[in-house]
Amino acid sequence: MVREIVNQGLVDIMLMSASTSEILALDEGLFATSPITPAARANDTTDIWCGQSGGYSREPSLPFRTATIDQLQCGRVECSPEERANGVDLGLYSITFNNDTRLDREALTAYREFRIEAEKKGFRHFLEVFAPNAPVNSVGDVGRYVNDCIARTLAGIPRRSRPIFLKIPYFGPVAMDELAAYDPSLVIGILGGSAGSTLETFTLLAEAKKYGARAALFGRRINQAEDQLAFIRHLRQIADGEISPEEAVASYHAELASAGITPHRSN
């Protein structure tokens, strides 16, 4: 399905695992003539070690990277300068703060090391900041807490090492407006989270855009859609202001009916 989405040409970035990126970007050259920017996950913190078993998400997040930047760029431990353009030059770096001095310092230290290496090797990144997955100390206003962590983190990063955009949960209008007002040059993207109804997804995109979001990263919601290509087309129309969430739901369900596909939910 990744190939079909790339051929459709409506998304701006295709985020992949390191192994998928190696096949499609390095081996097949799928993105050589595509306007879509390939990207790969640059780290995998312990709170995303979920799958169908294990209880890692119940423990505070710890930093970890499986793939190296060189492996994302050329598929090997060490790349020559000319080989660095063969793979991807954009990665998703994820960090989860849990309101604990030691753990959060460890996460920030790992991020600093990544940024220094990325700058040396011409590797861009966007930063994903999750809500606390297992806060050591209680957090009252999660949206405000995440905003504070982002502001504190970015304040110490010079321009050449800054993420090109953010990927965060949508914590509501107040938190989004606060973060957008903090730095108008900051490109804020929202993550989709677990799949909900079609109306919920389309409304989330429209509302987040209204209050300052400028990107949407809805991989899981797209992956679990009944018709992924049609779903993406309607997301794009909402993002471009061509259609309302309610109109998009009606149009999408009409397409499903024409294709003989039963929707997962009534709306």
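Keep in mind that the model is predicted. The chain has 10 helices and 7 strands. Its radius of gyration is 19 Å, close to the 18 Å that the globule rule gives for 267 residues, so the chain is as compact as a globular protein of that length.

**Overall build**

- If you follow the C-alpha trace along its principal axes, it spans about 50 × 50 × 40 Å.
- Of the 267 residues in the chain, 46% are buried.
- The accessible surface comes to about 13,600 Å², and carbon and sulfur atoms account for 49% of it.

**The largest pocket**

- Rolling a probe the size of a water molecule over the atoms shows where empty space is left.
- The largest pocket holds about 1,600 Å³ of space.
- Several elements give two or more residues to its lining, including helix H1 (2–8), strand S1 (13–16) and helix H7 (198–210).
- Helix H9 (228–239) provides the largest share of this lining, with 5 residues.
- The lining has 46 residues in total, and Lys167, Ala216, Leu217, Phe218 and Gly219 lie nearest the centre of the pocket.
- Sorted by class, the lining has 28 nonpolar, 8 polar and 10 charged residues.

**The second largest pocket**

- About 160 Å³ of space lies in the second largest pocket.
- Its lining includes Arg115, Glu119, Phe123, His125 and Arg162.
- Helix H4 (101–120) and strand S4 each supply at least two lining residues, and the largest share, 3 residues, comes from H4.
- By class, this lining has 3 nonpolar, 3 polar and 5 charged residues.

**The cavity**

- The structure holds 1 cavity of 30 Å³ or more, and the largest cavity contains about 40 Å³ of space.
- Among the residues that line the largest cavity are Thr45, Leu62, Tyr93 and Ala107.
- Strand S3 (residues 90–96) gives the most to this lining, with 4 residues.
- The lining of the largest cavity has 5 nonpolar and 4 polar residues, with no charged residues.

**A residue to look up: threonine 262**

- You can find threonine 262 in the segment after helix H10 (245–258).
- Threonine 262 has 63% relative accessibility, so it counts as exposed, the cut-off being over 50%.
- Threonine 262 and glutamate 226 are 36 residues apart along the chain, with their C-alpha atoms separated by 7.9 Å.

Methods. Residues are numbered from 1 along each chain as its sequence is written. This is a predicted model: local features need pLDDT of at least 70, side-chain atom pairs count only at pLDDT 80 or more; totals for chains, interfaces and linings use all residues. Side-chain values use heavy atoms; hydrogens and water are left out. On a 1 Å grid over the protein atoms alone, a cavity is a set of points where a 1.4 Å probe fits but cannot get out, and a pocket is an open set with protein on both sides within 12 Å along at least five of seven lines; lining residues have an atom within 4 Å of a point. Grid points are joined across faces, edges and corners, and a volume is the space filled by probe spheres set on the points. Ala, Val, Leu, Ile, Met, Phe, Trp, Tyr, Cys and Pro count as nonpolar, Asp, Glu, Lys and Arg as charged, and the others, Gly among them, as polar. The radius of gyration is taken over C-alpha atoms; the globule rule is 2.2 Å times the number of residues to the power 0.38. Buried means under 20% relative accessible area, exposed over 50%, partly exposed in between (1.4 Å probe, protein chains only). Accessible areas come from the Shrake-Rupley method with a 1.4 Å probe; for residues, only the protein chains shown count as cover.
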